[in-house]
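Here is a short note to read beside the model. Take the points in order and find each residue as you go.

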Amino acid sequence: MSSGGIREVMAKFERIGSHTHIKGLGLDENLKAVKIKDGMVGQEKAREAAGLVVQMIKQGKLSGRIIILAGPPGTGKTALAVAISRELGPNVPFIQMSGSEIYSTVKKKTEILLEAMRKCIGVEIHEEREVYEGEVVNMTVNTVPHPYNPYQKIPESVRLTLKTTEEEKTIEAGSNVANQLLSAGVSEGYVIQIDAETGRVSPLGLCLESSKGKAYDVDTRKKVPRPSGKVKKTKEFVYTMTLADLDELNARRGGGLFSLFFGGVESGEIGPEVRAEVDRQVKELVDQGRAFIHPGVLFIDDSHLLDLEAFSFLGRAVESELVPIIILATNRGLTRIRGTDIEAPLGFPLDLLDRSVIIATSPYDRDSIKEILKIRAKEEKVKLTPEALERLAEIGDRTSLRYSVQLLSLASQNSRSAGREEVGLEDVERVSGLFLDVSQAVEHLKKYEEKLLKH
Ligand SMILES: Nc1ncnc2c1ncn2[C@@H]1O[C@H](COP(=O)(O)OP(=O)(O)OP(=O)(O)O)[C@@H](O)[C@H]1O
Ligand SMILES: [Mg+2]
């Protein structure tokens, strides 16, 4: 059976490009930061704090909390979030979005946030189903003439003999099963599973013990052993999905979590009723011990772009039962809360701050900048002379880390187009002369203020 899997796990790192060197938080077994590890440099306190957060998330102790990453631009907030998602691994849903994504002409802000939150909650569902399972040792499809085109034959029913290590059993099924078998290319020698209730067919692979399974030395088809036990049996299936997946399935089927993995008709939209119904059914399954919740992480980068409405929605949402951990990153200080005239720290409402823990990041010293540049150079497969590295670190220290990381790529482009293998001082000098950093840009604009258009 194909499980839905957790889709969109880390699927959307728009700006992953500059964070590819981040492999984790770089902590030792006592959760202490190692100065340079996993692509991470310095920022020890923030990394250790993030390590505790990861540990608590893994132990399921942190759902419905808000964590704020606060610090000046280019101090590694996004990098930290990327590291957290790496540490959590692929089984914990981690969704990244930017604060700006809530502004859409089609959907309400709260709808976008709610959808994102539901994508971050994993639900592991255990379901017991009656199935017929075995190696196909005989398959006879009965065909009848097509009702509109008598020259064409269509499958009407199928007679199957299935074999397990214990028994052989012959079953008959209608056109639905016959069609599925034919379109999946099933023939003698395959191991299949048929859901007793819905008739859904799942080919599992070629039987190792069958003559077909032994025929070729090189055969890319999947091979499986002949199933043991009886042909008809009860099997447990485990699906890992997200609440958003379940919303979608439920909307399509129009109710009923049961057998929703076994086909259905398309209809309906995801509205509050659908979500409430999914929540109710999931809670019921959890109470019965047939489902487990795995809260993941919703990371909203540049969350100073959120507005009061969004903040109060988040504040309310974290009080409910099925919520992920929410990580907000911002580089703003004391500023207006968007959508109001109220000034507040980080531009966040005070009641939201009250519910949050804050991890602060601070600017890097020149040595750390140098180390980060070295890692980036390695990541981008750029060779740097010591003088070029020194100069880039000095520029980074004077302007910003991000600017120097960008100059590194530009300088490497420059050396490549000049046919040189290694980035030298001259390449760094040339590109830093061609491009402006922010303060140079401001000066430039001031100088030509009179001549620049205003409207
Ligand atoms: N401690 C670190 N170790 C290694 N690389 C880092 C570290 N901190 C930042 N970087 C890298 O430096 C660059 C800038 O950092 P990042 O984008 O994370 O900053 P930010 O705090 O999110 O800035 P902004 O507020 O502008 O969004 C990125 O390429 C990032 O991967
Ligand atoms: Mg950032």
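1. Start with a pair of helices. Helix α12 (residues 401-417) packs against helix α13 (residues 425-434) at an angle of about 115°. Their axes are 8 Å apart. Keep in mind that this is a predicted model.

2. The crossing of α12 past α13 is right-handed.

3. Now look at the residues that make this contact. From α12 come Leu-407, Leu-410, Ala-411, Asn-414 and Ser-415. From α13 come Asp-427, Val-428, Arg-430, Val-431 and Ser-432. By class, the contact of α12 with α13 has five nonpolar, three polar and two charged residues.

4. α13 has another partner to check. Helix α11 (residues 386-398) packs with α13 at an angle of about 30°, and their axes are 7 Å apart. That angle makes α11 roughly parallel to α13, since angles under 35 degrees count as roughly parallel.

5. Which residues join α11 to α13? On the α11 side they are Glu-387, Ala-388, Arg-391, Leu-392 and Ile-395. On the α13 side they are Leu-425, Asp-427, Val-428 and Ser-432. Sorted by class, the contact of α11 with α13 has five nonpolar, one polar and three charged residues.

6. Turn next to the nonpolar cores. The largest one holds 85 residues. Ala-50, Ala-83, Ile-84, Val-297, Leu-298 and Ile-327 touch the most other members. Helix α2 (residues 77-88) gives the most to this core, with seven residues.

7. Take Ala-50 as an example. Leaving aside residues up to four places away in sequence, Ala-50 touches Leu-25, Leu-80, Ala-83, Ile-84 and Ile-359. There is also a second, separate core of 17 residues. Among its members are Val-131, Val-136, Tyr-190 and Ile-194.

8. Finish with a loop residue. Glu-167 sits in the loop between β6 (153-163) and β7 (168-174). Is Glu-167 buried or exposed? Glu-167 has 12 C-beta neighbours inside 10 Å, so Glu-167 counts as exposed. The cut-off for exposed is 12 or fewer.

9. What does Glu-167 touch? Its contacts are Lys-230 and Val-231, not counting residues up to four places away in sequence. Compare Gly-134: Glu-167 and Gly-134 are 33 residues apart in sequence. In space they are 9.3 Å apart, C-alpha to C-alpha.

Key. Residues are numbered from 1 along each chain as its sequence is written. Chains are lettered from A and ligands numbered from 1 in the order in which they are written. This is a predicted model: local features need pLDDT of at least 70, side-chain atom pairs count only at pLDDT 80 or more; totals for chains, interfaces and linings use all residues. A nonpolar core is a set of buried Ala, Val, Leu, Ile, Met, Phe, Trp, Tyr and Cys residues joined through C-beta atoms within 7 Å. A residue is buried if 20 or more other C-beta atoms lie within 10 Å of its own, exposed if 12 or fewer, and partly exposed in between; C-beta atoms are placed from the backbone. Helices (H or I, at least four residues) and strands (E, at least two) are DSSP runs, numbered from the N terminus. Two residues are in contact if their C-beta atoms, placed from the backbone, lie within 7 Å. Axes are lines fitted to C-alpha atoms, for helices over the stretch in contact, and angles run from 0 to 180 degrees between N-to-C directions. A crossing is left-handed if the near helix is turned anticlockwise from the far one by less than a right angle, and right-handed if clockwise. Ala, Val, Leu, Ile, Met, Phe, Trp, Tyr, Cys and Pro count as nonpolar, Asp, Glu, Lys and Arg as charged, and the others, Gly among them, as polar. Angles under 35 degrees count as roughly parallel, over 145 as roughly antiparallel, 65 to 115 as roughly perpendicular and the rest as oblique.
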